[in-house]
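Welcome! Please take a moment to look over the sequence and the 3D structure shown here. The report that follows walks through them part by part.

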Amino acid sequence: MSKMSQVNALVERADALYRDADFTAVQRWKEANPGAKAVGYLPIYVPRELIHAAGMLPVGVTGHGDIEIIRGDAYFQSYICHLPRSVVELGVSGRLDSLDGILFPSICDVVRNLSGMWKVMFPDRWTKYFDVPQNFDMEVGGKFYRAELNSVRHDLEELGGKPILDDALRASIAVYNENRQKLEALYDARSRKPWKVPAWESYLMVRAGFVLPVEEHNALLDEYLALAMARDEKSKDHIRVVVTGAFCEQPPVEMIRTLERAGCYIVDDDFLLGSRWLRQDVNAEGDPIFALADAFLNHSTSAPSKYQEDGKNGEALVAIAKEKKADGIVFCAPSFCDPALLDQPMAVAAVERADIPYTSFLYSENTGQFQVIREQAGTFADSIRLWSNS
Amino acid sequence: MRVFIGVDLGSTTTKALILDDAGEVVGRGITNSRSNYNVAVAIARAEAFIETLFNLLARRLRETPALADVEERLRAALKREFRMEQHLQQLAYLRKILVETASDSRYGERASLMVDAIARITDTMVAGAPKRFRFSRPPTEFFRDLASGEFLELAQAEANASNGAFNFDTMAGVFDKAILKVENRGLDLSFSANITPALERCLERFSDKVGERASTVWDLVMDISETKLDVASSVGTGYGRARLPFPKKQIRSEILCHGLGAHTMFGATRTVLDIGGQDTKAIQVDADGIVTSFQMNDRCAAGCGRYLGYIADEMNLGLHELGPLADRAQRSVKINSTCTVFAGAELRDRLTMGQKREDILAGLHRAIILRAMSLLARSGGVANELTFTGGVARNSAAVKALRALVKENYGDVTLNISEDSICTGALGAAIFAWRTVHQEGMAT
Amino acid sequence: MSGAQTEDVHKEPSMRLQKDMIGGHFQALANAKKNGKKVVYTFVPGNLAELLAAFEVLPVLPEINALQSGMRKKSGMFIGEAEKLGHSEDVCTYVKCDIGMLKNGNIGPTGEKLPDPDLLLLSYTGCFTFLKWFELLRQEYDCPIAMLHVPYQADGKIEPGHREYVVNQLRTEVIPKLEEVTGKKFDIDKLREHLKLSVQAEDDFVAVLESAKHRPSPIDSYFGGVYYIGPMFTSFRGSEAGVTYYRALRQEVEKRLAAGVGPITPDGPMGEEKFRLVVEGPPNWTSFREFWKMFHDEGAVVVASSYTKVGGLYDRGFRHDPENPLETLADYCAGCYTNLNLPQRIDLLCQYVEEFDADGLLINSVKSCNSFSAGQLLILREVEKRTGRPGGFVESDLVDPRYFSGANIKNRLESYLQMIDQKRSVGVSAAPGMPHSKVDVEMGP
């Protein structure tokens, strides 16, 4: 196989995983590992190390934009975002039956309430709301968070019928550190040579980690990056943008392609943010629970769902834009997303202060039409090119 | 004769339905709701009364052995003559108003030319009436639709012939003003006011067949004409029910009436889906037709009949053409959003992508029915026989999509669609009216 | 939570008393800077009224300002302004109304400018939007902010660790910042004194809520309820004025109870009590009176509501405990209705339907408030299933006049009540004499 077709094959495989609403990959993994369990998690962040250390497969459940929704809509008013509709549809249609439990992290009131709905709708399945602190003092919020982690750990031990040993947890931390490094390498390469590593492909590669075991995902990331960088592609006259707001409900991959086709290299983004939530390695020595808590409290990314202690909303975004030498910022949030949309005016103000051009639009995971977005992004790219050439 | 009336004042049409003491439907009337609800109700009721009397007449004719050989033809002919008489009355009045309107000083010198043209046009319309009413199936349109079609066609010809003295748009404007007045005036179109000339013409045409039995017929029809219909009770429903001149206890919500009406038509139904122009309703009823739960669409009009209206406009098609076109689809395009706001843009986008009109339409119909399926699920699902009512129930592609989705989600469930589904709410209301007398023993 | 309404409306005497109390509070706020009083902005659910009183600071509650703007028909303009400034159409209108009011000079309900905050006390209880709301306000004010994160009752109870977390935050974050802003040392005994006053008022408040178990109910626990919770859920808990108010209110209600009469509505005393409902969800404020009148006209009385529990479930036994001042504050915060998980909410609403012998649960689903609204359709179905009594569903918004359709709500409400009525008379209207109507009449044009 040529390098070209090799990389295409990888992308096709990731694309198939992305489109598969039946989580066939999870079923296969369970067949290959008799008796092993799979545990789902919603956006944004959960410490997958705990699930991994229990010998289980962590599975990202981030909705689906391409399934017909009937019962999902029956539960939600028109002013609620799309993600919980598809998650409920996946659940009641049996597509999540391969999951032995599911975690709903604290992110917004919709996902919070969904955790309770799940308990009512699926009383026999392990369902846990995973609360995270908004106080970042290790003695206060840290203590609370460690208790939350231990509570998840305890539940997973019961679910798996065996203890999660500290050594196993440290090993899991190490393998996820590797994963984080590889994801950073991917983003770094994308920022340097976006014509070789298109954002839509990168998205699919990251997304593959939602259903694949982390070891396999690590190998996939290595293989893809090597092949992609070996491509014989030339840089185009595109502008460089950072996309923000898409950390929970995911845009269709076609929308990411649309932005790129409209002349925007996406040099950073907050898609699938949970995978890149921790911004540095977690200490793989010592008390692993303490290490995970320290990473969450002191080394996690800034996000609208997280209390901005210093009041500098939007500054982290500006810093990323500068670091990645972005020409502009694209605010791209799901309709009715409270965290993203309540935060946006503050982020916009920071971006305006930094004199960075921006544009904004809304989507939902089942958006099927991109004409308007294509025109808007194209105009944005044109205006920046004109402005910088003048 | 004691009767019980149900009136359903909807946003598009107003329906009245009459039951007799035995609870049998004896008359129905339907008219467009127009801007004046009171007039709409009066007309629908008057129509229902007329139907009731014609029904009585039919019974009496059947019960008269001497007329057995001509009974059927006579009855049909009399009805046609009667409808024509109503039509002529309205035409005469329309002509008067048209002339008044065209004589307005703002038309200046054009006025007299226009008045002449109007005279010629309405003469032609009057002359054409017998052909329309006697020799072909009586038209089913409302007077407004019938008259406007004819008038505008003739007005176009007159305008062309006027060598620029007046144009078509001016004539159309005059017509629009006049027809409103005709509709809202409330002419006496009742049985008794119009039957005499109709009967005269009818007997004249049938003189060789009826012969000396004419006086028997005459007496019989006059007897019917004098029959007093004593309204024992009436109940109103529909979106405009608050505007009905009824006391509060004679008003019922359309949910209850729809449920009871559907139950009456299809006794085994447990779920009713109504997709109208403005809203969608999912209703659950028990074995007695009593509503146990219901859900209506929220503020968002996505998935209602109105959406199909937008699509039809966008495609330059009539609303009734959408279903048959969608039925020709080879494959159904997946449509994710039924948001009315984006309907036009989405459609154009898909057409430019080279997708076929019929395939897109098939997808759109499925998308609308998906919304309805959610509402059904919200109200409690489909347990036994589903009855589908409302304007969208007349759309074959929507019915096809519903059938498929109900099967996918609830298995083999009987889907009932009545030819008369438009009267479901009025039927329920009439039964409530009937019950207030028969079950509570109190006349209103 | 009281409305500024014209004098021609019918009012209970306690409503006038409350109006004076609120007037006094806004007067104190208007003079705060002059009198050297410190001002703290904070939220209603899980508010720390007693702690603030112990520091002698004056609270401003932005939700109350927003709902007052709604009742005074100003919210539409404020929301419009905030949206022009880039706030999304999709998000909470309380926030946008508050931002719009701020941009219009921050004039309070009494026509006087509200003082700027000396501290933003971000009590993050039961509502994610609170967090962003004060982040937004923080961009406007140069003042310190104190975060109090109250964990969710995810497993249907207040975990010991959650209580400890809240207490730790009070000790290390909230109290030090109050000390810093006021220059006063925290006096735990003073806090205890205020907590004792709270308990007195709480007992009377619960007696008022419980009175709705009688037939006819002497109170409306939703529309009237928003007045009854006013002092308790805001700045008057833990004050002498609060104690006086609830004593007077209880006596007033007991008088109606003894006389066997129903509640007083703005459109006059309630007539015959035809329907008893439990209502879930906040009210709409822009058309509050119109909404109430729809119930009044139909003889529908709300005998219990979840909205009157956003500031605590006193009726389920919670009382502030002066013996454990900080722990009791933690339990109070964590125990508010919007901090309960879905199964708890379903249980509570089922209990209300049964204990208050209601005809069913009616949900007013509010666009702004996902904390309430997400999952309500499941709540509706579960409560219907468990109680066997029919549920109803209407939609509106807190303060967005664009999202209130009177005709639509009236239609649904009437349909719902008629459905209840029809179900009641099942025995009468069933089979006998049922006309077997067939529609086989020949149709004319």
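## Where chain C meets chain A

A salt bridge here is a side-chain nitrogen of Lys or Arg within 4 Å of a carboxyl oxygen of Asp or Glu. Between chain C and chain A there are four salt bridges. In one of them, Lys119(A) pairs with Asp155(C), and the closest N and O atoms are 2.8 Å apart. Chain C and chain A also share 27 residue pairs in polar contact, both residues being at pLDDT 80 or more. A polar contact is a pair of N or O atoms within 3.5 Å; within protein, one must be able to donate a hydrogen and the other to accept it, and residues adjacent in sequence count only if both atoms are side-chain atoms. On the side of chain C that touches chain A, helix 6 (residues 128-140) of chain C gives the most, with eight residues. That side divides into 23 nonpolar, 19 polar and 11 charged residues. Here Ala, Val, Leu, Ile, Met, Phe, Trp, Tyr, Cys and Pro count as nonpolar, Asp, Glu, Lys and Arg as charged, and the others, Gly among them, as polar.

In this interface, 53 residues of chain C are in contact with 50 residues of chain A, where contact means heavy atoms within 4.5 Å. Chain C and chain A bury about 4300 Å² between them, with 59% of it on carbon and sulfur atoms. Buried area is the accessible area (1.4 Å probe) that two parts lose on being put together, summed over both.

## How to read the model

This is a predicted model, in which local features need pLDDT of at least 70 and side-chain atom pairs count only at pLDDT 80 or more, while totals for chains, interfaces and linings use all residues. Residues are numbered from 1 along each chain as its sequence is written, chains are lettered from A and ligands numbered from 1 in the order in which they are written, and side-chain values use heavy atoms, with hydrogens and water left out.

## Where chain B meets chain A

Chain B also touches chain A: 16 residues of chain B are in contact with 18 residues of chain A. About 1400 Å² is buried between them, 45% of it on carbon and sulfur atoms. The count of salt bridges between chain B and chain A is one. Arg366(B) and Glu68(A) form a salt bridge, with their closest N and O atoms 2.5 Å apart.

Helix 12 (340-352), helix 13 (357-379) and helix 14 (396-410) of chain B each supply at least two residues of the side of chain B that touches chain A. Helices (H or I, at least four residues) and strands (E, at least two) are DSSP runs, numbered from the N terminus. The largest share, six residues, comes from helix 13 of chain B. By kind, the residues on this side are six nonpolar, three polar and seven charged.

## The sheet in chain C

Chain C has an open sheet of four strands in the order 2-1-3-4, with parallel pairing; two strands pair if DSSP finds at least two bridges between them. Strand 2 (58-60) and strand 4 (145-149) of chain C stand at the edges with a single partner strand each, so one side of each is left without a neighbour in the sheet.

Strand 3 (residues 119-124) of chain C runs parallel to strand 4 of chain C, and five bridges join them. Ser123(C) has Leu148(C) as its bridge partner in strand 4 of chain C.

## The sheet in chain B

In chain B, four strands form an open sheet in the order 3-2-1-4, and the pairing is mixed. Its edge strands are strand 3 (25-32) and strand 4 (230-237) of chain B, each pairing on one side only. Strand 2 (residues 13-19) and strand 3 of chain B run antiparallel and are joined by seven bridges. Thr14(B) has Thr31(B) as its bridge partner in strand 3 of chain B.

## A few local details

One runs from Pro43(A) to Ile44(A), with omega near 5°; Ile44(A) lies in the loop between strand 1 (38-41) and helix 3 (48-53) of chain A. Another joins Arg215(C) and Pro216(C), with omega about -10°.
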